[in-house]
Amino acid sequence: MKFTQLAISLAAGLLLSFAFAPWGATSLAIIAPAILIMQWQRATPKQALFLGGLFGISFFASTVWWVTISLHTYGQLPLAVALLLNALFIFALALFPASAGYIATRFFNKNKFIFCLLAVPS
């Protein structure tokens with residue numbers, strides 16, 4: 001797997017976060033996952049798992065950062081514990097795009113029409 005593939009997946013996940021408030025660049029909600037799907041088309045199932053995981057980590061790390069503040073400030077947890085719990089939360093959420101990439105490339109990557117329009121969105 002090339003460094004550019006990794007960087008593109010990380011950047012696409014970060015771009016997706018700009019589709020939500022306060023930025024509201026809603027077109028990125030279509031463009032960023034499309035970039036990830038294009039990455040998956042050229043990947044093996046194991047690579048798609050990794051690329052989807054990187055996408056998820058960058059997206060969720062840029063959107064659920066406030067959980068650390070909530071745990072530390074209002075939950076009165078030590079900062080190290082709040083950071084650890086938030087990191088575990090981010091990694092758990094990143095399993096969703098990672099597993100979607102693995103399943104889509106493992107079972108549906110033969111036919112591009114089925115892959116792009118039916119398998120990945122479902």
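The model shown above is predicted, and the mean pLDDT of its chain (pLDDT being the predictor's confidence in each residue, from 0 to 100) is 92, with 100% of the residues reaching 70 or more. Residues are numbered from 1 along each chain as its sequence is written, and side-chain values use heavy atoms, with hydrogens and water left out. Because this is a predicted model, local features need pLDDT of at least 70 and side-chain atom pairs count only at pLDDT 80 or more, while totals for chains, interfaces and linings use all residues.

**Exercise 1. Describe the elements of the chain, and state which has the lowest and which the highest mean pLDDT.**

Step 1. The chain holds six helices and zero strands, where helices (H or I, at least four residues) and strands (E, at least two) are DSSP runs numbered from the N terminus.
Step 2. The C-alpha atoms fill a box of roughly 50 × 30 × 30 Å, taken along the principal axes.

**Exercise 2. Work out how H1 and H3 cross, and which classes of residue form their contact.**

Step 1. The axes of H1 and H3, which are lines fitted to C-alpha atoms over the stretch in contact, with angles from 0 to 180 degrees between N-to-C directions, come within 7 Å and cross at roughly 35°.

**Exercise 3. Decide whether Gln39 is buried or exposed, and list what it touches.**

Step 1. Gln39 has its place in helix H2.
Step 2. Gln39 counts as buried because its relative accessibility is 3%, and buried means under 20% relative accessible area, exposed over 50%, and partly exposed in between (1.4 Å probe, protein chains only).
Step 3. Not counting residues up to four places away in sequence, Gln39 touches Gln5, Ile8, Ser9 and Leu51.
Step 4. The C-alpha atoms of Gln39 and Leu51, which are twelve residues apart along the chain, are separated by 7.8 Å.

**Exercise 4. Find the residues with the most contacts inside the largest nonpolar core.**

Step 1. This core, a set of buried Ala, Val, Leu, Ile, Met, Phe, Trp, Tyr and Cys residues joined through side-chain atoms within 4.5 Å, has 21 residues, and Leu16, Trp40, Phe60, Phe115 and Val120 have the most contacts inside it.
Step 2. Helix H1 (3-17), helix H2 (28-41), H3 and H5 each supply at least two residues of the core.
Step 3. Phe60 touches Ile90, Leu93, Ala94 and Pro97, again not counting residues up to four places away in sequence.

**Exercise 5. Examine the backbone at Pro22 and Gln76.**

Step 1. Most residues other than glycine have a negative phi, and most peptide bonds are trans.
Step 2. The peptide bond from Ala21 to Pro22 is cis, with omega near 5°, and Pro22 has its place in the loop between H1 and H2.
Step 3. Gln76, in the loop between H4 and H5, has a positive phi of about 55° although it is not a glycine.
Step 4. Gln76 counts as exposed, since its relative accessibility is 69%.

How values were computed
Contact means heavy atoms within 4.5 Å. Ala, Val, Leu, Ile, Met, Phe, Trp, Tyr, Cys and Pro count as nonpolar, Asp, Glu, Lys and Arg as charged, and the others, Gly among them, as polar.
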